[in-house]
Amino acid sequence: MDLGQYASIAETPSTNDPTQHRVVVVGGGAGGLHLASKLGHAFGRKGPVSVTLLDKSRIHVWKPLLHEVAAGSFDSETDAVELIAHAKLRHYRYRIGEMIGLNRAKRQIYVAPTDDDAGRRVIPPRVLGYDTLVIAVGSLSNDFGTPGVMEHAITLDTLDQAVRFNRRMMDACLRANAQYEPLRPGQLHCAIVGAGATGVELAAELHKSMRDLASYNLDNIDFDKLIKIELIEAGPRILLALPERLAAATADLLRRLNITIRTGTPVTSVNADGVTLQSGEFVPAELIVWAAGIKAPEFLRDLDGLEADKLNRLIVKPTLQTLSDDNIFAIGDCANCVPEGSDKPLPPRAQTAQQQADFMVKAVKSRLNGKAVPIFRFHDRGSLVALSDYKTFGVIFGGFRLEGLIAKLAYRSLHQQHLLALYGFGKFILLSLAALISRRAEPRIKLH
């Protein structure tokens with residue numbers, strides 16, 4: 001991409017006060033929005049720090065819930081965070097756009113133009129200046145070069161993709177219910193490639209929501225007999241990043257739900273009618289989800305000399321500062337952070353991003369006071385896997401096992417803690433009460 005045009009673009013002012021320390025947060029995901037919200041609340045609009053959040057989306061949905069959006073059990077239209085309104089509430093500046101380049105010498109980032117659905121220019125290319133830059137752009141699905149993935153499978157990296165899958169699922173059910181001829185091979189079948197947390201939770205959520213959907217007068221087909229969900233994993237077991245006993249309990253429940261699990265089974269290609277396995281077997285499927293791995297966005301690979309790993313993640317010090325520029329930090333899935341005393345990067349989980357966001361508030365205060373940035377310490381609070389309404393499994397605090405209602409409440413509390421950090425206590429209570437009341441009058445799943 002030619003970035004030469006940005007040399008002549010005047011820097012967009014992020015503050016009218018030249019004495020303010022300019023913090024720019026790129027990415028409004030679990031870590032980036034959490035950080036912008038806490039910094040804005042801590043310093044206010046007229047404090048010593050000016051906080052700007054840059055994101056190409058105008059709304060935020062907590063990424064661990066995207067599989068519920070895809071299955072229709074979470075309505076993003078009522079539960080999403082409107083970033084423009086949230087910025088006003090929490091005293092930071094929100095700018096719509098996508099970062100595509102960086103000039104470290106001038107402390108500037110390059111922002112791509114924004115067009116509407118008809119291709120008309122809404123916002124021109126811009127240049128934003130910073131004193132502290134925090135890159136929190138998250139991760140994308142990694143297709144590992146597998147032919148046909150981008151053309152025929154849906155990933156769950158963004159809200160738009162989750163909504164697109166939900167519409168495709170709805171159309172598949174309506175089509176099958178209305179047709180007179182027998183279902184063709186693969187019709188109403190779903191192949192989920194990748195059995196990490198996203199793939200596993202999606203499989204259980206789809207099993208529940210597609211049967212709920214059948215109760216809304218879709219009674220011309222036997223959903224219990226005709227719907228088939230296949231979970232395909234190249235590794236030796238599902239949930240490789242989680243403890244083996246947690247994975248074993250999860251696999252046992254999925255099999256009791258008649259969800260087919262294939263492990264040690266790489267997918268070599270994807271087409272419109274299904275997936276081909278390394279063995280040569282073809283698995284027919286009308287719905288295909290790719291959840292087989294992650295990588296950071298491509299633009300990080302060559303970002304004005306910043307060091308990145310093979311997954312495009314920026315390599316950072318234990319202070320979360322990039323190796324070659326102490327003014328630039330990276331947090332969340334796009335950061336390769338190896339804690340002191342370890343030889344493995346931190347896992348790409350929401351709790352990692354949120355803990356790093358909390359740390360960054362301290363880091364900004366240290367920089368503001370001319371002190372050294374402290375070392376980030378990660379505290380593993382455990383892992384939870386929610387299999388829709390069927391069961392929730394978890395391992396917390398170094399090995400204490402949870403399951404059933406207590407585990408489900410713990411899982412739901414993670415999203416509530418995220419909302420509490422975004423809104424503060426008073427607003428959080430009002431929103432929680434409103435959601436509790438409205439859901440009693442809504443269908444169990446999203447029907448449009």
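This is a predicted model: local features need pLDDT of at least 70, side-chain atom pairs count only at pLDDT 80 or more; totals for chains, interfaces and linings use all residues.
Residues are numbered from 1 along each chain as its sequence is written.

**Exercise 1. Two helices**

Task: Find at what angle helix 1 and helix 11 pack, and which residues meet.

Solution: 
- Step 1. Start with the elements: helices (H or I, at least four residues) and strands (E, at least two) are DSSP runs, numbered from the N terminus.
- Step 2. Helix 1 covers residues 30–43 and helix 11 covers residues 405–423; they pack at about 35 degrees, with axes 8 Å apart. Axes are lines fitted to C-alpha atoms, for helices over the stretch in contact, and angles run from 0 to 180 degrees between N-to-C directions.
- Step 3. Look for contacts (heavy atoms within 4.5 Å). From helix 1, A30, L33, H34, S37 and K38 meet H418, A421 and L422 of helix 11.

**Exercise 2. Strand 27 and its partners**

Task: Work out which strands pair with strand 27, and why it is largely enclosed.

Solution: 
- Step 1. Two strands pair if DSSP finds at least two bridges between them.
- Step 2. Strand 26 (residues 383–387) and strand 27 are antiparallel, with five bridges; here S383 faces V395 across the pairing.
- Step 3. Strand 28 (residues 400–403) is also antiparallel to strand 27, through four bridges, and F393 stands opposite E403.
- Step 4. Now check burial (buried is under 20% relative accessible area, exposed over 50%, partly exposed in between; 1.4 Å probe, protein chains only). Five of the six residues of strand 27 (residues 391–396) are buried, so the rest of the structure largely encloses it.

**Exercise 3. Aromatic pairs**

Task: How many aromatic pairs does the structure hold? Describe each one.

Solution: 
- Step 1. Rings of Phe, Tyr and Trp (its six-membered ring) pair if their centres lie within 6.5 Å; planes under 30 degrees apart are stacked, over 60 edge-to-face, and the rest tilted.
- Step 2. There are two aromatic pairs. Y6 and Y110 are stacked, at 4.8 Å centre to centre and 15 degrees between the planes.
- Step 3. Y6 lies in the segment before strand 1 and Y110 in strand 8 (residues 108–111), so this pair ties together parts 104 residues apart in sequence.
- Step 4. F359 and F376 are edge-to-face, at 5.5 Å centre to centre and 70 degrees between the planes.

How values were computed: Side-chain values use heavy atoms; hydrogens and water are left out.
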